[in-house]
Amino acid sequence: MAARRVAVITGGSRGIGAATARELAGRGFDVAFTYRNKGSRADEVAADIERAGGAALGLPADITDRGALSRFAADVGAWRVRLDLLVLNASGGLERDLLAADPEYPMRINRDAQLATLDALLPRLVDGATVIHVTSHWAHLYGAVPQLPDYEPVARTKHAGEMALRARIGELAARGIRLLVVTGDLVEGTITARLLERRSRGLHEARADESLTPEVFARAITGAALDASLVSGATVVAGGALASVPRT
């Protein structure tokens, strides 16, 4: 029997991250993932991974904390020698308590922590591995489309994170690793969708055909990871087309 591939997902205990963990497990991956809190929810995701035939490692880790990230990387290294896939899914910037304590939190989580996570796990990523940056249409198109006032700090800093990761494509390519970006439209039940409806009544409803579920987003992420034809730097779109994002 062929050895299973190994994936790491940040923010894997709920939403898109959890759905991606389940999808990857069903497609031949063992999955390690981080979570901030809610250990019982993480246990449920781990159980789902195992039911799908994979091994699971769910560990609490705040990826903005270098010490916690270092410990997570060490635990992953003790669990599996090699990594085939890193899904940079964890993000933030709308948490009022964290913003009150640190106004720079959006940049720390959406740019700095993404780079730190890549650096921490880079020694384990093998030749042929893939790194996936998960983002939103509003962040991916930052500067080209109007932003929701409440979401603007998130979009701006996630865009900064994407640009910082893209700046490392050459370095990654030298190690046989590719970077892919998977951008999604409104995800049902998320804070972004609720903000859009609150700020622009009826706009979310008008875009109902463009919104997607975490499961559909997860299939796009997994499909990108398994598509060997995608070159480093490619952008994969989940949900509505980028051109469908309102420009006015």
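A: **Helix H2**

Just after H2, glycine 53 adopts a positive phi of about 100 degrees. The model is a predicted one, in which local features need pLDDT of at least 70, side-chain atom pairs count only at pLDDT 80 or more, and totals for chains, interfaces and linings use all residues. Residues are numbered from 1 along each chain as its sequence is written, and side-chain values use heavy atoms, with hydrogens and water left out.

Helix H2 itself covers residues 39–51; helices (H or I, at least four residues) and strands (E, at least two) are DSSP runs, numbered from the N terminus. The expected span is 1.5 Å times one less than the number of residues.

The buried residues of H2 (under 20% relative accessible area, with a 1.4 Å probe and protein chains only) are Ala42, Val45, Ala46 and Ile49. They lie on the same side of H2, because they cover an arc of only 100 degrees around the axis, taken from the directions from the helix axis to the C-beta atoms. An α-helix has 3.6 residues a turn, so residues three or four places apart point the same way.

The buried residues of H2 pack, by contacts of heavy atoms within 4.5 Å, against helix H1 (15–26), strand E2 (29–35) and strand E3 (56–60). On the face of H2 turned away from this buried side are Ser40, Asp43 and Arg51, which are exposed, that is, over 50% relative accessible area.
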